[in-house]
Amino acid sequence: MEQKLKELQSQALEKIAAAANLKELNDVRVAYLGKKGPVTEVLKGMGKLSAEERPKMGALVNVVRETISKSIEEKQELLEAAAIEQQLAQESIDVTLPGRPVKQGSHHPLTRVAEEIEDLFIGMGYTVAEGPEVEQDFYNFEALNLPKDHPARDMQDTFYITPELLMRTHTSPVQVRTMQKHEGRGPVKIICPGKVYRRDSDDATHSHQFAQIEGLVVGENIRMSDLKGTLDVFAKKMFGEDREIRLRPSFFPFTEPSVEVDVSCMCGGKGCSICKGTGWIEVLGAGMVHPNVLEMAGFDSNKYTGFAFGMGQERIAMLKYGIDDIRHFYTNDLRFLKQFSVHE
Ligand code: PHE
């Protein structure tokens, strides 16, 4: 019996040593120390032993049992530690690896220009107004002092949808819509960005769809000098403090008098290819709101006066960033767009 116990013990210790994981170790525990295991079997056979042998064997069985369970415990600790090690190794993060860059988008140059202009005018007390791109003939032309047969309609080749409905050719209809909302009460001070459409053949400087920004101020005692001062601030903020503006007489049916506004070129008047040697660059159209336009929008032209201006966003962006072809704005070439990213 003693021999058998010794064998059992060494067998068990071998298996414990060989157990590769916690499950195998548990199998060994069940096999040797469980109720149906060989050690229990031996205990059951104790009844047959003599009275002197019994305590001796009892003590031996206990020793064998303890040896096996102590060995299992030790092995268990080892295996558990190894499992934790393995898990740590698997889940470890190499903080020295370079990160994957997160690709960030950026604002389109036209959006940037529009927002910059909006911010500038918001800072002077204007609010931003918007209007529909599919517009009624009334708002796009008639209420702007351009009746149906007016020759000045030829200045803006138009996409008509029906005889009364068209793609707006400028942002000026928003002037009328806004004034109507004010129901004859000033002051009105708005800036209005938006897309406009004209039947043009696309080339480096023309596009059938482009973007404008409109400005309108209506109030009591609004004068041409207010327009001039406002545009002077605009030119200096957008292009640099050393820039000047120049007004040239022009014609728009909805303003009287009307002007074309030039900004002095960055060549400082020496003459370069951008200003075509003149030292001046045309940037926008403007004027004093025509009394007919005020009246048609419900304002008393004896009490109120106003000024308005309209500019092409593309033109401003082209001058500001030195872009030579208007088509760059619409072709979504990432190489072009990335140059305006503020993130890189
Ligand atoms: N709407 C005119 C255009 O598109 C620009 C303009 C706006 C002129 C406001 C005068 C006043 O050409």
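**Exercise 1.** Which residues line the second largest cavity?

*Solution.* The model is a predicted one.
Step 1. Start with the space itself: the second largest cavity has a volume of about 50 Å³.
Step 2. List the lining. It consists of Phe 141, Leu 146, Ala 152, Met 155, Gln 156, Phe 252, Pro 253 and Phe 254.
Step 3. Sort the lining by class.

**Exercise 2.** Find the buried residues of helix 10, what covers them, and what follows the helix.

*Solution.* Step 1. Locate helix 10 at residues 313-321.
Step 1. Apply the cut-off for buried, under 20% relative accessible area. Gln 313, Glu 314, Ile 316, Ala 317, Met 318 and Leu 319 are buried. Leu 319 also lines the largest cavity.
Step 2. Look for the cover. Two helices belong to it, helix 5 (109-122) and helix 8 (224-239). The cover also includes strand 5 (188-197), strand 6 (209-219), strand 9 (280-289) and strand 10 (305-312).
Step 3. Gly 322 follows helix 10, and its phi is positive, near 65°.

**Exercise 3.** Characterise the largest pocket.

*Solution.* Step 1. The largest pocket holds about 1400 Å³ of space.
Step 1. Its lining has 49 residues, and those closest to the pocket centre are Thr 205, Glu 282, Val 283, Gly 312 and Arg 315.
Step 2. Assign the lining to elements. Two or more residues each come from strand 6, strand 7 (245-252), strand 8 (255-264), strand 9, strand 10 and helix 10. Strand 9 gives the largest share, 8 residues.
Step 3. By class, the lining divides into 20 nonpolar, 17 polar and 12 charged residues.

**Exercise 4.** How many Å separate the centres of domain 1 and domain 2?

*Solution.* Step 1. The domain assignment places domain 1 at 2-90 and domain 2 at 109-337.
Step 1. Taken over C-alpha atoms, the two centres lie 94 Å apart.

Definitions and conventions: Residues numbered from 1 in each chain as written. Predicted model: local features only at pLDDT ≥ 70, side-chain atom pairs only at ≥ 80, totals over all residues. Heavy atoms only, no water. Buried < 20%, exposed > 50% of the residue type's maximum accessible area, 1.4 Å probe, protein only. Helix = DSSP H or I, 4+ residues; strand = E, 2+ residues; numbered from the N terminus. Contact = heavy atoms within 4.5 Å. Domains from an automatic or database assignment. 1 Å grid on protein atoms, 1.4 Å probe; cavity = no way out; pocket = protein on both sides within 12 Å on 5 of 7 lines; lining within 4 Å. Points joined across faces, edges and corners; volume = space filled by probe spheres on them. Nonpolar A, V, L, I, M, F, W, Y, C, P; charged D, E, K, R; others polar.
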